[in-house]
Amino acid sequence: MTILQTEDLKKIYGDGEAAVHALDGISLTVPKGEFLSIVGTSGSGKSTLLHMLGGLDRPTSGTVIVDGVNLQSLTDEELTIFRRRKIGFVFQNYNLVPILNVYDNIVLPIQLDGNAPEEGFLQEILGMLGLLDKLDRLPSNLSGGQQQRVAIARALASKPAILLADEPTGNLDSRSRLDVMGLLKVTSQRFGQTIVMITHNEEIAQMADRILRIEDGKLICGDFA
């Protein structure tokens with residue numbers, strides 16, 4: 001079953017000779033449950049691609065289909081709701097709310113949607129990520145690796161169709177980096193969670209099921225890790 005698909009995706013900034021083709025005809029298909037890594041150097045277009053996949057920005061042309069829904073067909077308000085319900089995000093800088101404790105950070109997106117968290121599933125996530133004894137702590141009292149675990153739990157709590165990870169280990173030391181990557185791998189296997197991760201780190205990318213490479217806004221190759 002295909003959970004994510006793009007067709008001839010383009011993003012152009014500027015006009016005429018000054019135009020920058022950040023994405024230049026990206027077509028890809030991601031089956032449900034796959035852990036996909038997209039590798040590229042700075043300026044290759046990988047962050048732009050992730051923003052398009054997550055509905056954080058709109059393409060100049062082409063389509064993005066997530067769980068059967070064409071994102072280009074949604075209004076801005078509909079897209080905001082769809083992102084909250086169907087797309088989980090894990091960013092390099094964690095993006096936790098500093099005045100909320102761990103538990104409240106994790107359930108915030110669900111509560112914003114007017115729902116209550118599924119406690120059984122949430123407890124399973126918290127146990128797997130080693131957060132059960134840290135629920136009352138503020139982000140400032142956690143290490144970088146622990147904060148990223150909270151971000152992963154927040155992304156998973158709503159059972160999204162896809163989880164998008166933007167350089168999720170970029171701010172971590174080598175030990176925490178491997179720890180977080182191991183958790184993402186286990187998450188994919190244990191919950192059948194579809195994950196798309198962008199990174200410039202070749203070693204980290206090898207932990208995914210499949211690797212795609214992007215250069216100058218184009219996918220140039222793909223192989224299985």
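Predicted model: local features only at pLDDT ≥ 70, side-chain atom pairs only at ≥ 80, totals over all residues.
Residues are numbered from 1 along each chain as its sequence is written, and side-chain values use heavy atoms, with hydrogens and water left out.

Let's start with the overall picture. The protein has seven helices and ten strands; these are DSSP runs numbered from the N terminus, with helices being H or I of at least four residues and strands being E of at least two. A compact globule of 225 residues would have a radius of gyration near 17 Å, and the protein agrees, at 17 Å. That radius is taken over C-alpha atoms, and the globule rule is 2.2 Å times the number of residues to the power 0.38. Along its principal axes, the C-alpha trace spans about 55 × 40 × 35 Å. Buried residues make up 47% of the 225, where buried means under 20% relative accessible area, exposed means over 50%, and partly exposed is in between (1.4 Å probe, protein chains only). Of the contacts between residues at least 6 apart in sequence, 70% join residues at least 24 apart; contact means heavy atoms within 4.5 Å.

Now back to helix α5, residues 144–157. Twelve of its 14 residues are buried, so α5 is largely enclosed by the rest of the structure. The cover over those buried residues includes β6, α3, α4, β7 and α6. Arg149 itself is buried, at 16% relative accessible area. Setting aside residues up to four places away in sequence, Arg149 touches Leu129, Gly130, Leu131, Asp179 and Leu183. The length of α5 works out too: at 1.5 Å a residue it should span 20 Å, and its end C-alpha atoms are 20 Å apart. The expected span here is 1.5 Å times one less than the number of residues. After α5 comes Lys159, with a positive phi near 55°.

The axes of α4 (residues 119–128) and α6 (residues 174–191) come within 11 Å and cross at roughly 145°. Those axes are lines fitted to C-alpha atoms, for helices over the stretch in contact, with angles from 0 to 180 degrees between N-to-C directions. On the α4 side, Phe121, Glu124, Ile125 and Met128 meet Leu183, Val186, Thr187, Arg190 and Phe191 of α6.

Finally, the loop between β6 (87–91) and α3 (102–112) is worth a visit. Leu100 has its place there and is partly exposed, with a relative accessible area of 22%. Beyond its neighbours within four places in sequence, Leu100 is in contact with Asn105, Leu108, Leu138 and Pro139. Tyr94 lies in the loop between β6 and α3 as well, but Tyr94 counts as buried, at 10% relative accessibility. Most residues other than glycine have a negative phi. Tyr94, though not a glycine, has a positive phi of about 70°. Asp8, in strand β1 (residues 2–13), also has a positive phi, near 50°, and counts as partly exposed at 37% relative accessibility.
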